[in-house]
Amino acid sequence: MAHTTKKTKSPSSQRSTRTLERLANLVPHPRYGTEIVPSGQVGDDDVIPGPPEWSKDVTFPESAIPADVRKQNFSTMSHLHWYVDTLRDCWMCKRPFIFFAREQKYWYETLRFRVEADCHECVECRASLRTVRRRLKRYGELVGKRELTDEDMLALASDVAFLWTHGLLRDEQRLRRIRNRALRQVPDGAATRALDELVATLPKS
């Protein structure tokens, strides 16, 4: 596919008030920031696909970069021929963020995520999700063990407190049992003290 190096004009003057408001309140990306940067790789004859009509997403054609389809991992879906900065709202926190063209290229060509995979959470919520998954995994590994090292006991106390405060653990008796276990084994640990303070705030059964 041939491309020119002619830059397209930024359509900032044509953006709706709602789009401008969303752009002014973006969740910043630690690597890509918040700015729409023209790629200089879009020619007058290039057709950059936009979002579906029903979508609230907004794309910025001037940011588009061509994809190397040879590096993409796909199955049921066709190749992506362009990556383009896309403004969308996070499914978790509802704040606006940009799924950057450069980020998409990294996802689909370096990390080789399947092209069916899409990004629906801002970078901050993605980090939170990774933390939750990591904590859940470690909690699941530790909670069933009869013998724990002091380090593992403190990790379990920390994880159970974290999962409780995030609404992911609802078994109050388990929370209390792990608190009691931590008090016996590592009474002076910071995680033990934090868990004990959490249990103290619960209504007495």
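Lys94 lies in the loop between β4 and β5. Helices (H or I, at least four residues) and strands (E, at least two) are DSSP runs, numbered from the N terminus. The model is a predicted one: local features need pLDDT of at least 70, side-chain atom pairs count only at pLDDT 80 or more, and totals for chains, interfaces and linings use all residues. Residues are numbered from 1 along each chain as its sequence is written, and side-chain values use heavy atoms, with hydrogens and water left out.

Most residues other than glycine have a negative phi. Lys94, not a glycine, has a positive phi of about 70 degrees. Its relative accessible area is 59%, so Lys94 is exposed. Here exposed means over 50% relative accessible area, buried under 20%, and partly exposed in between (1.4 Å probe, protein chains only). Arg112 also has a positive phi, near 60 degrees. Arg112 sits in the loop between α2 (101-110) and α3 (123-143). With a relative accessible area of 38%, Arg112 is partly exposed.

Helix α1 spans residues 17-24, and its buried residues are Thr19, Arg22 and Leu23. These cover an arc of only 100 degrees around the axis, so they lie on the same side of α1. The arc is that of the directions from the helix axis to the C-beta atoms. Exposed Thr17 and Ala24 are carried on the face of α1 turned away from its buried side. The buried residues of α1 pack against β1 (58-59), β4 (86-89) and β5 (96-99). Contact means heavy atoms within 4.5 Å.

Helices α4 (residues 150-165) and α6 (residues 190-200) pack at about 35 degrees, with axes 8 Å apart. Axes are lines fitted to C-alpha atoms, for helices over the stretch in contact, and angles run from 0 to 180 degrees between N-to-C directions. From α4, the contact includes Leu154, Val160 and Trp164; from α6, it includes Ala191, Leu195 and Leu198. The residues of this contact divide into eight nonpolar, three polar and no charged. Ala, Val, Leu, Ile, Met, Phe, Trp, Tyr, Cys and Pro count as nonpolar, Asp, Glu, Lys and Arg as charged, and the others, Gly among them, as polar.

The whole structure contains zero disulfides, a disulfide being a pair of cysteine sulfur atoms within 2.5 Å. For Cys119, the nearest cysteine sulfur is that of Cys90, 8.3 Å away. Cys119 counts as buried, at 1% relative accessibility. For Cys122, the nearest cysteine sulfur is that of Cys125, 3.7 Å away. Cys122 is buried as well, at 0% relative accessibility.
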